[in-house]
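Reader: I would like a close look at one part of this model, a turn and what it connects to. Please keep the answer plain.

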Amino acid sequence: MLFMVIEKFKPGAAPAIYQRARERGRMLPKGLDYISSWVDLDYTTCFQVMCADDPALFDEWTNAWQDLVEFEIIPVRNSAEASKLLG
């Protein structure tokens, strides 16, 4: 299953987020897979597409970042799949 993850960086947290990522990586549990991401030009919001069979895996991952980021996690499907399902 695909997920759109919207990360709202806490004020002034961008440098710490990138430092932690350099030092520890994404810290994803096995089974939670990163696909791609985009960051706004003000370094306040990151949009990520991720994949997981078990949405509960997000709990472990978000706990590692909750001091710096607020998360919104939305199950999504790609446009081709949506079109096929709607006929």
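Reader: What does Y43 count as, and at what relative accessibility?

Author: The model is a predicted one. In it, Y43 counts as partly exposed, because its relative accessibility is 48% and that class lies between 20% and 50%. Y43 sits in the loop between β2 and β3. Its phi is positive, near 55 degrees, although the residue is not a glycine.

The turn belongs to a hairpin. β2 and β3 form this hairpin with five residues between them, and Y43 is in the turn. The strands β2 (residues 32–39) and β3 run antiparallel and are joined by seven bridges. Across from β3, D33 is opposite C51.

β3 has a further partner. β1 and β3 also pair in the antiparallel sense, over seven bridges, and K8 is opposite T45 of β3. β3 itself is mostly covered, with six of its eight residues buried.

As background, nonpolar side chains tend to be buried together in soluble globular proteins.

In one of them, the rings of F3 and F58 are edge-to-face, because their centres are 4.9 Å apart and their planes stand at 70 degrees. F3 belongs to strand β1 (residues 2–9) and F58 to helix α2 (residues 57–63), so this pair ties together parts that are 55 residues apart in sequence. Both F3 and F58 are buried. F58 also forms an edge-to-face pair with W61, at 6.2 Å centre to centre and with 65 degrees between the planes. F58 and W61 both lie in α2, three residues apart, which is about one turn of the helix. F58 has a relative accessible area of 4% and W61 one of 3%, and with values under 20% both count as buried. F3, F58, W61 and F71 together form one aromatic cluster.

Apart from neighbours within four places in sequence, I17 is in contact with F9, W65, L68 and V69. The buried residues of α1 are A14, I17 and R20. Viewed down the helix axis, the buried residues of α1 fall within an arc of 130 degrees, so they line one face. The face turned away from that buried side carries the exposed residues P15, R22 and E23. β1 and β4 (69–76) are among what covers the buried residues of α1. R20, one of these buried residues, lies over the face of W65, at 5.3 Å from the ring centre.

α1 is followed by G25, whose phi is positive, near 75 degrees. M27, in the loop between α1 and β2, has a positive phi of about 60 degrees although it is not a glycine. M27 is partly exposed, with a relative accessible area of 26%. R26 lies over the face of Y34, at 3.4 Å from the ring centre.

Finally, the setting of the hairpin in the chain. The chain has three helices and four strands, and along the sequence they follow the pattern β-α-β-β-α-β-α. Of its 87 residues, 28% count as buried. Among the contacts with a separation of 6 or more, 68% come from residues 24 or more positions apart. Taken along the principal axes, the C-alpha atoms fill a box of roughly 45 × 30 × 20 Å.

Conventions: Residues numbered from 1 in each chain as written. Predicted model: local features only at pLDDT ≥ 70, side-chain atom pairs only at ≥ 80, totals over all residues. Heavy atoms only, no water. Phe/Tyr/Trp six-rings, centres within 6.5 Å; stacked < 30°, edge-to-face > 60°. Helix = DSSP H or I, 4+ residues; strand = E, 2+ residues; numbered from the N terminus. Buried < 20%, exposed > 50% of the residue type's maximum accessible area, 1.4 Å probe, protein only. Lys NZ or Arg CZ within 6 Å of the ring centre and 35° of its normal. Contact = heavy atoms within 4.5 Å. Arc of directions from axis to C-beta. Pairing = 2+ DSSP bridges.
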